[in-house]
Amino acid sequence: LGYREAEKLIESNICPLTKYWAKVGAKNNGINYHYREILLADLEAEGWNIIVEQPDLKSEKSKLAWQERREIQNNSFLDEVNSIALAKDLTDSEAQKIERSRTRTRTQSAQLAKHQIRQRYGVSSVSCELVEADQQKLYPALRLRFWLTVGRKYLEDSDRTLVLKQSERGGGSFFIPDLNNLCSISKIKILELLDSRFNFLEELNQSGSSWSNKSPLLIELKEFVQKDLVRFNQVLRCGIAKTDSPITVAQKILKVIGLKLPCLRNERDGNKRLRIYGSAISRFGSSAHLENQILDSWLLGASSAVSNRHNSQTVRDRAILKSGAA
């Protein structure tokens with residue numbers, strides 16, 4: 001059933017037992033992948049004779065159906081983004097109350113999501129662009145870029161704190177793969193290895209630069225990575241394949257830190273087409289102007305956290321000295 005057929009079932013008074021599944025399918029056509037099978041099984045149980053037609057994917061009807069599904073998915077996504085961005089700002093206590101509740105309304109879920117985004121990025125206001133980028137996994141990529149650049153000196157301290165919290169939560173034990181995924185130091189070390197050898201961050205970010213599969217730097221980068229491909233993929237989780245072109249290898253590495261090389265134009269290379277790419281830009285185009293603000297906010301937060309811990313340690317040391325002197 002397509003969206004329209006499901007809507008017709010909802011509007012009709014027939015099929016009372018399948019009315020619920022038709023409603024679920026109409027609302028979640030791109031999310032609940034199994035509702036069609038469940039709906040058909042319920043119809044058969046009710047005694048309906050199911051005739052399955054194999055769709056012609058090249059027909060105009062099929063093309064219109066796919067276009068309609070994409071529009072529904074896009075509209076649902078935009079509705080969710082807008083509901084989060086326009087939701088009421090919560091205090092910490094209000095957010096904790098909603099978090100602890102077993103049931104949440106749609107409004108409460110949007111409010112909590114907005115509060116979590118504010119806390120995650122350290123921003124005072126949440127725009128639609130930031131919500132959209134967050135749902136496209138901006139946070140892990142931008143966080144790695146922060147540790148790789150302006151926040152590098154705070155990385156070890158941050159990872160140490162994470163390990164201590166994880167150890168306390170697990171009663172002194174933790175699952176090593178989860179710990180490796182939680183900490184960023186191994187990813188940063190391997191990115192720094194690439195940068196120290198090829199200076200690829202500065203080179204690829206250089207304004208006005210152009211790149212292709214014939215660029216010597218990218219060819220050398222690909223050859224170096226493929227010498228230890230398993231380790232690069234295990235640590236960075238970037239999915240580089242042996243058959244990947246130099247541009248693809250560079251794109252997959254840059255994707256880890258939320259960057260990409262934009263395609264500028266096509267050129268002729270004999271009988272083949274050669275794509276020319278420009279200098280690295282953010283993968284999250286609509287929120288690119290916010291990224292520097294977020295990085296500055298994180299830098300200020302990391303500096304304050306280290307300063308607070310240092311002051312606390314100083315107070316504890318003085319208390320110990322006083323008690324020893326007494």
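Lysine 137 sits in the loop that joins helix H7 (128–135) to helix H8 (138–148). The model is predicted.

**Around lysine 137**

Is lysine 137 buried or exposed? Lysine 137 is exposed, because its relative accessible area is 62% and the cut-off for exposed is over 50%. Its backbone stands out too. Lysine 137 has a positive phi of about 70 degrees, although it is not a glycine. This residue follows H7.

Lysine 137 also belongs to a surface patch of positive charge.

H7 itself has a buried side. Leu130, Val131, Ala133 and Asp134 are buried in this helix. Why do they lie on the same side of H7? They cover an arc of only 165 degrees around the axis, so they share one side of H7.

Asparagine 199 is another non-glycine residue with a positive phi, here about 55 degrees. Asparagine 199 is placed in the loop between H11 and H12. Its relative accessibility is 29%, so asparagine 199 counts as partly exposed.

**Salt bridges**

Side chains of opposite charge can pair when their charged atoms come close. How many salt bridges does a search of the whole structure find? The search finds 12.

| Lysine 88 | Glutamate 94 | 3.7 Å |

Take lysine 88 and glutamate 94. Their closest N and O atoms are 3.7 Å apart, and the cut-off for a salt bridge is within 4 Å. Lysine 88 has 47% relative accessibility, so it counts as partly exposed. Glutamate 94 counts as partly exposed as well, because its value is 30%.

Arginine 152 counts as buried, because its relative accessibility is 17% and the cut-off for buried is under 20%. Glutamate 192 has 25% relative accessibility, so this residue counts as partly exposed.

Aspartate 269 has a relative accessible area of 29%, so it is partly exposed.

Salt bridges can also share partners. Asp89, Lys114 and Arg118 are joined in this way into one network.

**Pairs apart in sequence**

Some C-alpha separations connect other parts of the model.

Phenylalanine 224 has its place in helix H13. Is phenylalanine 224 buried or exposed? It counts as buried, because its relative accessibility is 18%. The C-alpha atoms of phenylalanine 224 and phenylalanine 198 are separated by 9.9 Å. Along the chain, these two residues are 26 residues apart.

Leucine 261 is placed in the loop between strand E1 (259–260) and E2. Its relative accessibility is 2%, so leucine 261 counts as buried. From leucine 261 to threonine 248, the C-alpha separation is 9.7 Å. The two are 13 residues apart along the chain.

Glutamine 116 is found in helix H6 (residues 106–121). Glutamine 116 is partly exposed, because its relative accessible area is 30%. How far apart in space are glutamine 116 and alanine 95, C-alpha to C-alpha? They are 8.6 Å apart in space and 21 residues apart in sequence.

Key:
Residues are numbered from 1 along each chain as its sequence is written. This is a predicted model: local features need pLDDT of at least 70, side-chain atom pairs count only at pLDDT 80 or more; totals for chains, interfaces and linings use all residues. Side-chain values use heavy atoms; hydrogens and water are left out. Patches are made of residues with over 30% relative accessible area and no salt bridge: like charges are joined within 9 Å, nonpolar side chains (Val, Leu, Ile, Met, Phe, Trp, Tyr) within 5 Å. Accessible areas come from the Shrake-Rupley method with a 1.4 Å probe; for residues, only the protein chains shown count as cover. A salt bridge is a side-chain nitrogen of Lys or Arg within 4 Å of a carboxyl oxygen of Asp or Glu. Lys and Arg count as positive and Asp and Glu as negative; His and the chain ends are not counted. The place of a charge is taken as NZ of Lys, CZ of Arg, CG of Asp or CD of Glu. Helices (H or I, at least four residues) and strands (E, at least two) are DSSP runs, numbered from the N terminus. Buried means under 20% relative accessible area, exposed over 50%, partly exposed in between (1.4 Å probe, protein chains only). The arc is that of the directions from the helix axis to the C-beta atoms.
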